[in-house]
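I am opening this notebook to keep track of what I look up in a structure that is new to me. The entries follow the order in which I went through it.

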Amino acid sequence: MNYLKLLSIKLLMLLPVISFSQNLEKAIKENTGKRIDTLVHFKTDSPYNYMPVTIISGKEKGPVFTIVAGIHGFEYPPISAVQELIKEIDPNNLKGTLVVIPIANVGSFYKRTPFVNPLDNKNLNNAFPGSKSGTITEQIANYITKEIIPNSDVFLDVHAGDANEDLLPFVCYYNNTSEEKNTELSAKLSEISGINHIVSYPYTITKTEPAKYAFKQASQNGKTALSIEAGKLGNVQTESVHLIKKAVYNMLNYMDIYAKGTTPTKNPSAVYLKNQEYVKAEFSGVFHSNLKSGDYIKKEDKIGFISDEFGTVLNEIKAPATGVVLYKIGTPPVNKGETVFCIGF
């Protein structure tokens with residue numbers, strides 16, 4: 001018996017297990033002043049057939065604030081930040097409930113696979129609303145859609161730059177004009193997060209179209225939804241972990257759920273980015289660029305090139321817009337159609 005399977009069995013013996021929907025809503029709404037750690041299991045034979053969920057209930061009623069990390073299991077700073085948060089938060093000082101998913105994509109995490117779950121080779125952040133009878137990735141998306149999001153008032157999805165992504169920290173939300181109050185709160189929480197760059201994405205889908213992305217699903221379902229991006233290149237940067245934790249504490253403080261430190265205020269130097277341009281690779285090959293995330297570029301600047309395996313230049317890449325590099329490929333391999341730059345402005 002391998003170590004991970006043995007660990008899973010031990011956890012099952014120690015933790016109360018909530019079935020696919022049984023008692024979850026009850027556990028969230030009870031004001032017990034306690035923390036519950038549990039494993040939600042899915043229908044697959046893999047040892048990675050579960051998702052950890054922590055519910056921290058305050059003794060007083062208040063909002064339900066959900067934090068999800070590890071949608072992509074190779075994005076480590078959010079996972080590390082959440083691990084610290086659930087140990088630090090005292091239920092006795094909590095007003096309301098925290099629902100925390102420390103690692104949504106356990107298969108990706110333990111197998112160290114960027115973007116996709118190795119059990120079905122699907123990207124969880126492209127699978128919402130999911131399917132109860134689908135593959136493991138679709139089941140996870142369905143559980144979050146059907147059980148977690150409906151019981152949440154605020155849904156925070158925390159990401160980082162994956163194994164090949166150089167990323168500038170930013171906080172983001174969808175400009176969902178059909179949910180004006182929720183969008184206003186998403187914007188306010190972004191402003192008081194303490195993160196310098198604030199990105200608003202256009203919201204163009206109907207109520208019935210697949211949302212694909214986790215916090216877009218929450219927005220579609222009428223919740224206050226936003227996301228943090230902090231960390232890069234598949235490593236744990238201490239400053240990224242601290243940035244995520246500070247942002248979460250600021251949001252909880254603002255909503256009168258949990259007070260820690262000083263009262264958060266709007267960042268006067270925040271940079272607002274309401275538009276994005278995505279540069280796609282025209283060839284598979286070797287990507288070259290001297291730029292890094294956070295660099296300012298002007299339209300038509302030469303920002304990189306792609307060569308073949310022998311070093312012959314296949315094409316030069318020019319900036320389609322003036323703005324800041326939100327994220328870019330940070331490693332040489334590139335495949336045709338992949339995003340090599342995201343420019344915010």
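**Entry 1: ground rules**

I am working with a predicted model, in which local features need pLDDT of at least 70 and side-chain atom pairs count only at pLDDT 80 or more, while totals for chains, interfaces and linings use all residues. Residues are numbered from 1 along each chain as its sequence is written, and side-chain values use heavy atoms, with hydrogens and water left out.

**Entry 2: the nonpolar cores**

I began with the nonpolar cores, each a set of buried Ala, Val, Leu, Ile, Met, Phe, Trp, Tyr and Cys residues joined through side-chain atoms within 4.5 Å. For burial I used relative accessible area, with buried meaning under 20%, exposed over 50% and partly exposed in between (1.4 Å probe, protein chains only). Which members of the largest core touch the most others? They are M51, I144 and F155, in a core of 44 residues. Helix α5 (residues 136-148) gives this core its largest share, 6 residues; helices (H or I, at least four residues) and strands (E, at least two) are DSSP runs, numbered from the N terminus. I also noted a second, separate core of 42 residues, whose members include I56, L156, V241 and M251.

**Entry 3: F155 and I149**

I then listed contacts, meaning heavy atoms within 4.5 Å. Not counting residues up to four places away in sequence, F155 touches a set of residues including T66, V68, I144, I149, F215 and L226. I149 itself lies in the loop between α5 and β7 (154-159). Is I149 buried or exposed? I149 counts as buried because its relative accessibility is 0%. With residues up to four places away in sequence again left out, the contacts of I149 include I144, F155, A214 and K223. I149 and F215 are 66 residues apart along the chain, and their C-alpha atoms are separated by 9.2 Å.

**Entry 4: two serines**

S227 is in strand β11 (residues 224-229), and its relative accessibility of 1% is why S227 counts as buried. A polar atom of the S227 side chain lies 2.6 Å from the backbone oxygen of D157. Such a polar contact is a pair of N or O atoms within 3.5 Å; within protein, one must be able to donate a hydrogen and the other to accept it, and residues adjacent in sequence count only if both atoms are side-chain atoms. Beyond four places in sequence, S227 touches L156, D157, H159, F170, V171, C172 and F215.

S186 sits in helix α6 (residues 180-191) and counts as buried because its relative accessibility is 2%. Under the same exclusion of residues up to four places away in sequence, S186 touches Y173, T224, A225 and L226.

**Entry 5: backbone angles**

I found a cis peptide bond joining F128 and P129, with omega about 15°, and P129 has its place in the loop between β6 (122-123) and α5. E300, although not a glycine, has a positive phi of about 80°; E300 lies in the loop between β15 (296-297) and β16 (302-307).

**Entry 6: helix α3**

Helix α3 (residues 76-88) has 13 residues and reaches 19 Å from its first C-alpha to its last, close to the 18 Å expected at 1.5 Å a residue, where the expected span is 1.5 Å times one less than the number of residues. The buried residues of α3 are Y76, P77, P78, I79, A81, V82, L85 and I86.

**Entry 7: salt bridges**

How many salt bridges are there? Taking a salt bridge as a side-chain nitrogen of Lys or Arg within 4 Å of a carboxyl oxygen of Asp or Glu, I have a count of 9. K245 counts as buried because its relative accessibility is 10%, whereas E84, at 28%, is partly exposed.

K95 forms a salt bridge with D256, the closest N and O atoms being 3.1 Å apart. Salt bridges that share partners join E84, E88 and K245 into one network. Returning to D256, I noted that its phi is near 60°, a positive value in a residue other than glycine.
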